[in-house]
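Dear colleague,

Please find below the structure that I am handing over to you. My notes on it follow directly after.

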Amino acid sequence: MKDFTCITVTTPVAGVAAIQLSRPKVLNALNLQTMVEIVEALESIEQNNDIRCVVLYGNEKAFAAGADIGEMGDAGTIEMLKRDQFSRWEKIRTFKKPIIAAVSGFALGGGCELAMHCDMIIASETAQFGQPEINIGVMPGAGGTQRLTRAVGKALAMEICLTGRMINAQQALRAGLVNKVVPVQSFIQEAIALAQEIASKPPIAVQLIKESVLKSFSSTLEGGLEFERKNFYMLFATEDQKEGMHAFIEKRTPTWKGQ
Ligand code: CAA
């Protein structure tokens, strides 16, 4: 993996890549370079068959406090259109392996949206989520009005986006935005443990499950059920399906090949 300036990529345990946002002086504000590097790292991880799950995290104080306001303050519409920086995030949406966000401290604006691009969120008890763009004269631009609404429902999404108020980790848990709230000392480890568990599953089934769950956001129920059914049948072409079912019958632990 090449050297990056705004992120650090490691392999904390076999099968898992960890991407750390590393601009702590600005609470991991997401400048253009950070987003380019996240996408580059994901592209490289996608090609690496040994990596099966990804954890994305910041530090105790901040996951990310939003898009870098310093980079946007004087930009005009044409400049923003030309940069089209948020379309780059499509790579995160279409990334084939599961991504878990480990969030402590601030996940605001683009930071909240980045966490919501991920498939699951482990929050530390100090995590705070919000879409404060309204307070700086704009609005969410990378999925905040859409993904937040799907995650927590219309009423709370309206409140968060229209007031700029933050919700804490327990509120986020109750609202269904996060999977689990854990002590600050262990939020990264918890996310890595979850990633490690997923990394131990048959990879093609993992990929198709992820695609199928995400399909539910963009399809009718009928279309989504058909997509799911065909993916289920498709898995019967894999060696891992034979291995999994034979191992069950033979009362032994399966060995996955990812084929
Ligand atoms: N962009 C650039 N710099 C940021 C930043 C951001 N989003 N958020 C924080 N920083 C910088 C601050 O300017 C400050 O830098 P200096 O030390 O050089 O002054 C440093 O990070 C620490 O921040 P604070 O001193 O403000 O820390 P705090 O603990 O007092 O407050 C905070 C923390 C409430 C998160 C506050 O920093 C804040 O409100 N940040 C902005 C949050 C925001 O509006 N995010 C939305 C951005 S727009 C967006 O994301 C668009 C989109 O939809 C994609």
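How many bridges join strand S3 to S5, and in which sense do the two strands run? Strand S3 (residues 53–57) is joined to S5 by four bridges, and the strands run parallel. Please bear in mind throughout that this is a predicted model.

Within this pairing, Tyr57 is found opposite Ala102 in S5. S5 also pairs with strand S7 (residues 120–124), again in the parallel sense and over four bridges; here Ala101 stands opposite Ile121 of S7. Strand S5 (residues 99–103) is largely enclosed by the rest of the structure, because five of its five residues are buried. In general, the side chains of a regular strand alternate between the two faces of the sheet. In S5, both faces are covered: Ile99, Ala101 and Val103 are buried on one side, and Ile100 and Ala102 on the other.

Four strands form an open sheet in the order S4-S6-S8-S9, with mixed pairing. Strands S4 (62–64) and S9 (166–168) are at its edges with a single partner strand each, so one side of each has no neighbour in the sheet. On average, neighbouring strands of this sheet are turned by 20° against each other, direction ignored. Strand S6 (residues 106–108) and strand S8 (residues 128–130) run parallel and are joined by three bridges, with Leu108 opposite Gly130 in S8. Helix H5 (residues 110–117) packs on the sheet and touches S4, S6 and S8; the direction of H5 makes about 90° with that of S6.

Turning to helix H6 (residues 144–152), Gly144, Leu148 and Val152 are buried. These residues cover an arc of only 15° around the axis, which means that they lie on the same side of H6. An α-helix has 3.6 residues a turn, so residues three or four places apart point the same way. The cover over the buried residues of H6 includes H5, helix H7 (154–163) and helix H8 (169–175).

Finally, the ligand is surrounded by 22 residues, of which the closest are Ala67, Ile69, Gly110, Glu113 and Glu133. Glu113 places a polar side-chain atom 2.9 Å from an oxygen atom of the ligand.

With kind regards

Technical notes
Residues numbered from 1 in each chain as written. Predicted model: local features only at pLDDT ≥ 70, side-chain atom pairs only at ≥ 80, totals over all residues. Heavy atoms only, no water. Pairing = 2+ DSSP bridges. Axes fitted to C-alpha atoms, helices over the stretch in contact; angles between N-to-C directions. Contact = heavy atoms within 4.5 Å. Buried < 20%, exposed > 50% of the residue type's maximum accessible area, 1.4 Å probe, protein only. Arc of directions from axis to C-beta. Near = heavy atom within 4 Å. Polar contact = N/O pair within 3.5 Å; in protein donor to acceptor, adjacent residues only side chain to side chain.
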